[in-house]
Amino acid sequence: LVLDRIRKEFFEEDLSFQPIHCLDLESSGEIFPHVDSIKFIGGIVAGLSLLSDAHMYLTHEEHPEAHIDLLLPRRSFYITRG
């Protein structure tokens, strides 16, 4: 239900989703630095933070000085493209 609402609100009609995977982290859990593969996930990464605030730090792979530090409040949704 939630994914259908997100698809209708934020994505074009003809967009077909790549396989979706969900991570359920403890409030103290973390995802270690990595590079998402366009081959496996496509050109869009989206996330939904449901129960607690989350912190996300994005760094350009080739230019580590180019980075952004984000606070994702609980019940927030984000999309990255390109």
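**Values and cut-offs**

Mentor: The protein chain has two helices and four strands. From the N terminus on, they run α-α-β-β-β-β. Keep in mind that this is a predicted model.

Trainee: What share of the residues counts as buried?
Mentor: Of the 82 residues of the protein chain, 10% count as buried. The chain exposes about 7500 Å², and carbon and sulfur atoms supply 55% of that area.

Trainee: Why is Ser-49 called buried?
Mentor: Buried means under 20% relative accessible area. Ser-49 has 11%, so Ser-49 counts as buried. Ser-49 lies in strand 1, residues 44-49.

Trainee: Which residues does Ser-49 touch, not counting those up to four places away in sequence?
Mentor: Ala-54, Leu-72, Pro-73, Arg-74, Arg-75 and Ser-76.

Trainee: Why is Ser-76 called buried?
Mentor: Use the cut-off of under 20% again. Ser-76 has 15% relative accessibility, so Ser-76 counts as buried. Its place is in strand 4. Leaving aside neighbours within four places in sequence, Ser-76 is in contact with Gly-47, Leu-48 and Ser-49.

Trainee: Why is Arg-75 called exposed?
Mentor: Exposed means over 50%. Arg-75 has 67% relative accessibility, so Arg-75 counts as exposed. Arg-75 is in the loop between strand 3 and strand 4.

Trainee: Why is Arg-74 called partly exposed?
Mentor: Partly exposed sits between the two cut-offs, under 20% and over 50%. Arg-74 has a relative accessible area of 46%, so Arg-74 is partly exposed. Arg-74 lies in the loop between strand 3 (67-72) and strand 4 (76-81).

Trainee: Which residues does Arg-74 touch, not counting those up to four places away in sequence?
Mentor: Ser-49, Leu-50, Leu-51, Ser-52 and Asp-53. Look at Ala-54 too. Arg-74 and Ala-54 are 20 residues apart in sequence but 7.1 Å apart in space, C-alpha to C-alpha.

Trainee: And why is Ala-46 partly exposed?
Mentor: Ala-46 has a relative accessible area of 39%, between the cut-offs of 20% and 50%, so Ala-46 is partly exposed. Its place is in strand 1. Ala-46 touches Phe-77, Tyr-78 and Ile-79, not counting residues up to four places away in sequence. Ala-46 and Arg-81 are 35 residues apart in sequence, and 8.7 Å apart in space, C-alpha to C-alpha.

Trainee: What lines the second largest pocket?
Mentor: Val-2, Arg-5, Ile-6, Glu-9, Phe-10, Leu-48, Leu-50, Arg-75 and Phe-77. About 190 Å³ of space lies in this pocket. Helix 1, residues 2-10, gives the largest share of the lining, five residues.

Key. Residues are numbered from 1 along each chain as its sequence is written. This is a predicted model: local features need pLDDT of at least 70, side-chain atom pairs count only at pLDDT 80 or more; totals for chains, interfaces and linings use all residues. Side-chain values use heavy atoms; hydrogens and water are left out. Buried means under 20% relative accessible area, exposed over 50%, partly exposed in between (1.4 Å probe, protein chains only). Accessible areas come from the Shrake-Rupley method with a 1.4 Å probe; for residues, only the protein chains shown count as cover. Contact means heavy atoms within 4.5 Å. On a 1 Å grid over the protein atoms alone, a cavity is a set of points where a 1.4 Å probe fits but cannot get out, and a pocket is an open set with protein on both sides within 12 Å along at least five of seven lines; lining residues have an atom within 4 Å of a point. Grid points are joined across faces, edges and corners, and a volume is the space filled by probe spheres set on the points.
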